[in-house]
Amino acid sequence: MIEQTVANLNRYFDDRIAACRRRQMELLADDRSDEARFEKISANVYDIFQTILALAVELYRDDEKAARRFFVQRLEEIPSDWAEAYELARQHDNLIRQLIEKTKLDAVDEIKEYFAIVWEETE
């Protein structure tokens, strides 16, 4: 069952990364490098969590619940640093930093939503 879930998640990550990179290239072609930067950041977040998913599967190949738990823990731990950075940027009125951290957090929220749907389908 974990193979189907992982395949679905990998397709999702591949699609999101490709979409972000396409959008990044479109924005760069329009001389909108600031906006392209945010697409690159989003793609990096998806890539990070795709790598974490692969690690979860490698570490817990025979224990689906442990793999899920590992992935969910990282899905909570990693963004907590980004949330702290966002709050610090907000306190210092650093709008660029706020946008960067918000972009990361938005991507994580999307991953969480999709993950919950896909994992529930296989339970």
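User: Before we start, what counts as an aromatic pair here?

Analyst: Rings of Phe, Tyr and Trp (its six-membered ring) pair if their centres lie within 6.5 Å. Keep in mind that this is a predicted model.

User: OK, how many aromatic pairs does the structure hold?

Analyst: There are 7 aromatic pairs in the structure. In one of them, phenylalanine 49 and phenylalanine 71 have ring centres 6.3 Å apart. Their planes sit at 80°, so that pair is edge-to-face.

User: Where in the chain do those two sit?

Analyst: Phenylalanine 49 is in helix H2 (residues 33–59) and phenylalanine 71 is in helix H3, 22 residues apart. The pair links distant parts of the chain.

User: Phenylalanine 49 and phenylalanine 71, buried or exposed?

Analyst: Phenylalanine 49 is buried, with a relative accessible area of 0%. Phenylalanine 71 comes in at 1% relative accessibility, so that residue counts as buried too.

User: What about phenylalanine 49 and tryptophan 82?

Analyst: Those two form an edge-to-face aromatic pair, 6.5 Å centre to centre with 90° between the planes. Phenylalanine 49 lies in helix H2 and tryptophan 82 in helix H3, so the pair ties together parts that are 33 residues apart in sequence. Tryptophan 82 is buried, as is phenylalanine 49.

User: Which residues make up an aromatic cluster?

Analyst: Tyr12, Phe13, Tyr46 and Tyr114 form one.

User: And what does phenylalanine 13 touch, leaving aside its neighbours within four places in sequence?

Analyst: Its contacts are Tyr46, Phe49, Gln50, Leu53, Phe71 and Ile111.

User: Let's talk core. How many residues are in the largest nonpolar core?

Analyst: That core has 27 residues. Leu9, Phe13, Val45, Tyr46, Phe49, Phe71 and Ile111 have the most contacts inside it. Helix H1 (2–29), H2, H3 and H4 are the elements that give two or more residues to this core. H2 provides the largest share, 8 residues.

User: Which residues of H3 are buried?

Analyst: Ala66, Ala67, Phe70, Phe71, Leu75, Pro79, Trp82 and Ala89.

User: Switching to charges. How many salt bridges are there?

Analyst: The count comes to 10 salt bridges. One of them joins lysine 112 and glutamate 76, with the closest N and O atoms 3.3 Å apart. Lysine 112 is in helix H4 and glutamate 76 in helix H3, so to speak a bridge between distant parts of the chain, 36 residues apart.

User: How accessible are lysine 112 and glutamate 76?

Analyst: Both are partly exposed: lysine 112 has a relative accessible area of 26%, and glutamate 76 has 46%.

User: Which side chains meet in a salt bridge at 2.3 Å, N to O?

Analyst: Glutamate 87 and arginine 90 do. Both lie in helix H3, 3 residues apart, about one turn of the helix. Glutamate 87 is partly exposed at 29%, and arginine 90 is partly exposed at 40%.

User: Which residues are linked in a network of salt bridges?

Analyst: Asp30, Arg32 and Glu35 are linked that way.

Conventions
Residues numbered from 1 in each chain as written. Predicted model: local features only at pLDDT ≥ 70, side-chain atom pairs only at ≥ 80, totals over all residues. Heavy atoms only, no water. Buried < 20%, exposed > 50% of the residue type's maximum accessible area, 1.4 Å probe, protein only. Helix = DSSP H or I, 4+ residues; strand = E, 2+ residues; numbered from the N terminus. Phe/Tyr/Trp six-rings, centres within 6.5 Å; stacked < 30°, edge-to-face > 60°. Core = buried A, V, L, I, M, F, W, Y, C linked by side-chain atoms within 4.5 Å. Contact = heavy atoms within 4.5 Å. Salt bridge = Lys/Arg side-chain N within 4 Å of Asp/Glu carboxyl O.
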